[in-house]
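This report covers domain layout, the contacts between domains and overall dimensions.

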Amino acid sequence: MIGTLRRRAHARFVLWALRGRPPEAAPILLDQRRVYVLPTRGGLAFAFTLAVIMLGAMNYNLSLGYALVFLLAGLGVVTILHSFRNLVQLSLRPGHCEPVFAGTPAAFTLILENARPEKRSGLRLFVTDGIAAPVELDVPAGGFASASLQQPTQRRGWLACPRITIETTWPLGLIRAWSYAAPEARCLVYPAPAAKAPPLPWQDDFSRDNRREGRGSDDFSGLRNHQAADPLRHVAWKAAARQEHGPLLTKLFAGSSAQQLLIDWEATTGLDDAEQRLSILTRWMLDAEAGGVPWALHLPGLRLATDHGSVHLAKGLAALALFGYGTP
Amino acid sequence: MARLDRPVSGRQGSWLLAAALAATLPLVPYLPSWLILAAGIVFTWRALLLWRHHRLPPRFLPPLLALAGSIGVFIEYRSLLGRTPGIALLVIFLGLKLLEVRVARDILASALLCYFLVLGQFLFSQTIPVTAQAIFALLVITAALLTANDERPPLKEQLARAGLLLAQAVPFMLLMFLLFPRIEGPLWGMPEDRRSATSGLSDSMAPGSIAQVSQSDEVVFRVLFKEAGAIPPQAQLYWRGPVMPAFDGRVWRVTQTRPAYLALPWNVAGPAVDYEMTLEPHGKSWLFALELPATLPAESALTTDYQLLARQPVRNRIRLAQRALLLASPGREENPATLQEALALPPDGNPRIRAVAAEWRRIHGDDPAAILAAAEDFFARQLLIYTLNPPLLGKDSIDEFLFDSRRGFCEHFASAFTFALRAAGVPARVVAGYQGGELNPLDGYLVVRQYDAHAWSEVWLRGQGWQRVDPTAIAAPSRINENVTAALPGGEPLPFLARNDLAWLRELRHRLDAVSNGWNQWVLGYNPQRQRDLLAQLGLDSPDWRSMTAALAVLSGMILLALTFHVLRSHPRKDPLLILWRRFTRKLARHGIQWSPWQGPIDFAICAAEKLPARAAEIRAIADDYARLRYAPKQTPSDLAQLKARVASFRP
């Protein structure tokens with residue numbers, strides 16, 4: 001009950017703190033208006049201890065007891081300034097964010113820049129409403145540090161950078177200074193590859209005419225472990241015969257001339273669920289790329305010509321990720 | 001908070017143990033030996049667990065040990081409250097808290113206990129050395145807290161940072177120390193805090209008891225005379241303590257229940273001297289006023305035998321503004337019961353002096369002044385020797401002193417003289433207190449130490465009242481005119497500070513005492529009264545707690561504001577290299593070539609050169625310069641200038 005209220009109040013506060021801001025353009029400077037300071041639980045315990053010491057000093061008329069309390073109280077005040085200073089005027093901007101498959105956490109990189117000629121120690125960054133453990137880091141004097149924040153992904157498409165809390169309790173752990181930021185950054189989430197997919201949609205006669213002259217049909221390039229989707233005629237039967245208990249191996253063929261593969265939306269017509277279909281297409285794409293097989297992609301409204309390589313794969317996966325969402 | 005959830009590292013544990021040691025070691029002299037032993041075992045145990053990476057004891061064990069320790073403290077002191085038992089309990093809790101420290105967060109609780117134990121030191125002593133020790137402990141404890149939050153910095157850096165934090169706290173401390181409205185304690189009773197046996201005068205006097213007190217050089221009180229030129233001569237400095245009219249043949253005693261005057265029973269006009277006395281706590285009520293008091297301090301009373309008593313035993317150092325009448329003989333109209341008491345003698349014993357006194361009585365009849373003169377004459381003729389080491393006396397102690405051994409300290413003189421006068425029918429009583437004192441030329445304070453303890457007689461003469469007679473002065477006038485050292489024969493075992501043979505030592509002693517007195521007066525003795533005086537001097541008329549709080553709030557707010565301003569104003573001195581790079585990328589951005597922060601300079605140059613082939617060479621040169629300046633180990637100003645020129649002349 002109280003927990004719920006607290007969570008709600010906190011959510012309100014975050015909204016208020018980021019009023020009119022999200023998402024913010026880089027670089028985000030944490031100026032004094034957006035750095036908040038409150039005692040930690042330890043700080044409250046410290047204050048309570050001071051009150052008890054004060055009672056003792058009063059009761060026994062200990063002048064040095066008063067001095068002790070006042071010195072420690074001064075220490076508490078000074079710590080406020082140090083914690084505040086540790087955070088204020090830090091600037092942060094989003095870094096590169098590698099695309100991920102849905103289900104694996106996205107890693108948002110944040111680059112923290114410390115323009116001050118002193119090191120900032122013990123900063124903690126975490127996704128405001130997240131569950132992941134905070135990233136702890138120091139930012140060297142006049143330098144940079146980067147933190148990678150994990151955010152779980154569920155669905156494909158663009159994932160906006162979540163709200164970030166950046167806090168510090170340095171130096172004594174008595175005071176917490178914190179700030180919120182919503183950097184303008186996004187991460188592309190590919191569809192999760194299907195765990196089980198039909199065999200690769202081989203098209204033996206596809207673009208036979210394009211085959212270059214004078215080359216043999218298949219340029220054998222190597223072997224890899226057999227996968228369920230591999231065509232049976234590519235199994236290295238001779239190799240399998242030589243070793244009795246070894247795994248089945250699939251022959252790999254280099255070059256664009258070997259087989260033609262069309263990864264086509266229409267090939268998955270049997271399934272109703274668009275996401276499931278995209279998953280299967282993703283799996284095919286990955287398998288084709290792993291086999292070094294060139295492939296083409298046909299999606300409603302989008303065609304990728306036959307090619308292979310990481311750039312081609314990224315293009316294809318991006319097309320699947322954003323399928324149906326309009327322009328990227 | 002992840003860092004605080006990590007198990008305590010070796011370094012954090014070591015710092016915490018150091019903090020615990022720094023907080024508890026100064027308390028060792030005040031704690032029972034079994035507790036010190038137990039604490040030592042627990043600390044060593046914790047250290048072994050830490051350094052050998054053993055598991056902590058099971059969770060149920062520390063509370064059980066704490067319970068056992070508390071029972072031990074209760075058996076020792078019959079209480080769990082109050083000064084010493086309280087500190088003992090805190091030490092026990094600290095030891096067991098140490099056994100419970102598993103993760104870095106737990107360090108805080110132990111550190112707070114350590115801060116509390118620093119106060120414990122002050123309960124027993126607040127001298128300058130103790131303060132230095134406490135500052136050291138604060139440094140170590142603060143460094144331990146720092147280490148709990150960030151364990152990487154090495155020892156020196158950690159101590160330096162702790163020192164910096166504490167040093168920055170000092171302005172706030174000074175401000176609060178001066179302005180925080182003080183309350184005169186105690187807030188609640190301290191029944192069990194009876195001062196354990198101290199040297200000092202007691203309410204009875206047996207042969208040898210004053211000599212015993214004289215063995216200490218502890219300061220009893222310090223006196224600052226208002227007019228430095230009007231310090232009475234040494235022979236008039238009689239600081240009156242217990243008055244002992246009752247004698248049982250061996251021991252003189254104070255009459256326990258005595259009525260007190262509400263106002264001073266004598267005319268306070270006449271030659272007087274004003275002084276301020278800073279009385280050290282001695283656990284008894286005597287205020288040791290200079291004879292005879294002309295003022296009655298607050299919370300004090302004057303008994304009918306003129307003992308100035310505080311209503312509560314003196315447990316704290318107190319400061320009293322006093323005035324003394326130097327030439328007064330009070331009690332001309334004395335109460336017959338008091339006179340009767342001043343004539344009482346045990347039925348038998350000391351026949352020889354009784355015979356001598358009867359002879360005086362026979363010759364001089366009812367003339368007490370003549371009897372007094374005869375007694376003084378008798379004491380002078382007996383050739384008595386003033387010594388700290390008189391022989392032990394038997395049953396008839398006064399006879400043995402006067403006629404056989406003839407050696408004694410002031411209590412022998414006072415006792416015998418008073419006895420003799422009573423035997424001759426003249427009312428007399430023994431007064432104990434301090435005589436003389438040493439003037440410190442550096443700060444003008446007269447310091448009275450235990451070795452200035454003295455006893456003298458007081459004789460009632462009809463029509464003249466009570467007269468002070470010091471029989472010691474008859475045998476050893478230098479005791480009264482100078483000090484105890486001058487009066488004693490060489491080789492007597494005097495306390496170190498009482499010796500005055502080494503001039504440089506005396507000088508050093510004066511210096512140390514002036515420093516320690518300044519500390520007592522201004523730091524330890526900064527009480528509500530002194531606070532009001534100081535603020536009045538600073539122009540704060542009739543300062544009450546409201547104006548003090550307001551001043552405190554305004555001033556500390558000003559310091560805080562100034563510091564905050566400083567924090568925000570110390571504007572980032574930007575990296576010149578970065579400024580140049582930004583200027584360069586801005587120029588390119590105007591032509592649609594965006595630089596992203598994750599791009600390295602060389603990668604970016606390749607991309608930019610592709611899009612702007614006409615300027616490829618320039619772009620590469622700038623990126624190369626930047627990369628070299630940024631990542632190569634040494635940079636020279638000329639390189640920076642070259643880059644600056646290149647960026648300036650770059651026109652995409």
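## Basis

Domain bounds here come from an automatic or database domain assignment. The model is predicted: local features need pLDDT of at least 70, side-chain atom pairs count only at pLDDT 80 or more, and totals for chains, interfaces and linings use all residues. Residues are numbered from 1 along each chain as its sequence is written, and chains are lettered from A and ligands numbered from 1 in the order in which they are written.

## Chain A domains

Chain A is assigned domain 1 (2-190) and domain 2 (208-321). Their contact takes five residues from domain 1 of chain A and six residues from domain 2 of chain A; two residues are in contact if their C-beta atoms, placed from the backbone, lie within 7 Å.

On the domain 1 side of chain A, strand E12 (residues 186-190) gives the most, with three residues. Helices (H or I, at least four residues) and strands (E, at least two) are DSSP runs, numbered from the N terminus. By class, that side has three nonpolar, one polar and one charged residues. Ala, Val, Leu, Ile, Met, Phe, Trp, Tyr, Cys and Pro count as nonpolar, Asp, Glu, Lys and Arg as charged, and the others, Gly among them, as polar.

## Chain B domains

Chain B is assigned domain 1 (2-179), domain 2 (538-569) and domain 3 (576-649). In chain B, five residues of domain 1 are in contact with six residues of domain 2. The domain 1 side of this contact in chain B has five nonpolar, no polar and no charged residues. The C-alpha centres of these two domains of chain B lie 33 Å apart.

## Chain B overall

Chain B has 24 helices and 17 strands. Its C-alpha trace spans about 140 × 60 × 50 Å along the principal axes.
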